[in-house]
Amino acid sequence: KNIRKVLTPLKHITPRYSNIEDLLSTRAKYKSETLRALQQEAGFEGFEKICYWSAWDPSTPRKGLEYYIEALHLLASSDKYMDPKELEKVAFVFSGRPDKFVFHHSFVPENVRTVVYPLLPSDAVIDLLHVSDLYVCTTLEDAGPRTIPEALSCGTPVVSFDQCIATDLVNETNGALVATRDSYALASGIATLLNNLPDMQEN
């Protein structure tokens, strides 16, 4: 607690918008294009929202992917969290080393619509964060992770375990902190944020 703290700029983020109105209108334009691309990629139609999770190596235990998958099972098996019809409108996007994700992906519920990307260059990650409705972080131990401040700087809410840098940056105004390893709380946080987000698609 007595260590001096220093805030440094994000090396992958450069300002793109002069005000919040500019950010929202640009997000709406590119989100519409991204949703069309995701629909083609996944072979599904009707996507309206994007929930993003990423890790360089998804199989690393400290990234907590198993808890995210448990939360997805809760979302998929009970309308306590989300209306099934609303769940179908969410594209759950993953990115990371594809060879490290094959095993875990087999446990994702069939009725959760997923799109899996390989490792993305930094610019592509930022573009995806800009159009996502929610970024989910399940890290258990990390020197960051950097994606939390990146997501927030893109105007994207974050739901995260109460670990690492999330405790300094995530609050009720920009997302939700949930108890670490609590898949029920994670599912509830994801559903609450996705259900309450305004529709940013172009009319």
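## Cysteines

The sulfur of Cys-164 lies 7.4 Å from the closest cysteine sulfur, that of Cys-137, which is too far for a bond. A search of the whole structure finds zero disulfides, a disulfide being a pair of cysteine sulfur atoms within 2.5 Å. Cys-164 is partly exposed at 24% relative accessible area, while Cys-154 is buried at 1%. Here buried means under 20% relative accessible area, exposed over 50%, and partly exposed in between (1.4 Å probe, protein chains only).

## About the model

Please keep in mind that this is a predicted model, in which local features need pLDDT of at least 70, side-chain atom pairs count only at pLDDT 80 or more, and totals for chains, interfaces and linings use all residues. Residues are numbered from 1 along each chain as its sequence is written, and side-chain values use heavy atoms, with hydrogens and water left out.

## The sheet and its helices

Six strands make an open sheet with parallel pairing, in the order β3-β2-β1-β4-β5-β6. At the edges stand β3 (114-117) and β6 (175-178), each with a single partner strand, so one side of each has no neighbour in the sheet. From one strand to the next, the twist averages 20 degrees. Helices (H or I, at least four residues) and strands (E, at least two) are DSSP runs, numbered from the N terminus, and two strands pair if DSSP finds at least two bridges between them. Strand β5 (residues 158-161) pairs with β6 in the parallel sense over four bridges; within this pair, Ser-160 has Leu-177 in β6 as its bridge partner.

Helix α2 (residues 65-77) packs on the sheet, touching β1 (49-54), β2 (90-95), β4 (134-137) and β5, and its direction makes about 165 degrees with that of β2. Contact means heavy atoms within 4.5 Å. Axes are lines fitted to C-alpha atoms, for helices over the stretch in contact, and angles run from 0 to 180 degrees between N-to-C directions. Helix α5 (residues 122-131) lies across β1, β2 and β4, at about 140 degrees to β1.

## Salt bridges

The whole structure holds six salt bridges, each a side-chain nitrogen of Lys or Arg within 4 Å of a carboxyl oxygen of Asp or Glu. One of them joins Lys-31 to Asp-133, with the closest N and O atoms 2.8 Å apart. This pair links helix α1 (residues 20-42) to the loop between α5 and β4, 102 residues apart. Lys-31 is buried at 2% relative accessibility, and Asp-133 is buried at 2%.

Arg-62 and Asp-142 form another salt bridge, at 3.5 Å between the closest N and O atoms. Arg-62 sits in the loop between β1 and α2 and Asp-142 in the loop between β4 and α6 (147-153), so the pair ties together parts 80 residues apart in sequence. A network of salt bridges links Arg-62, Lys-63 and Asp-142.
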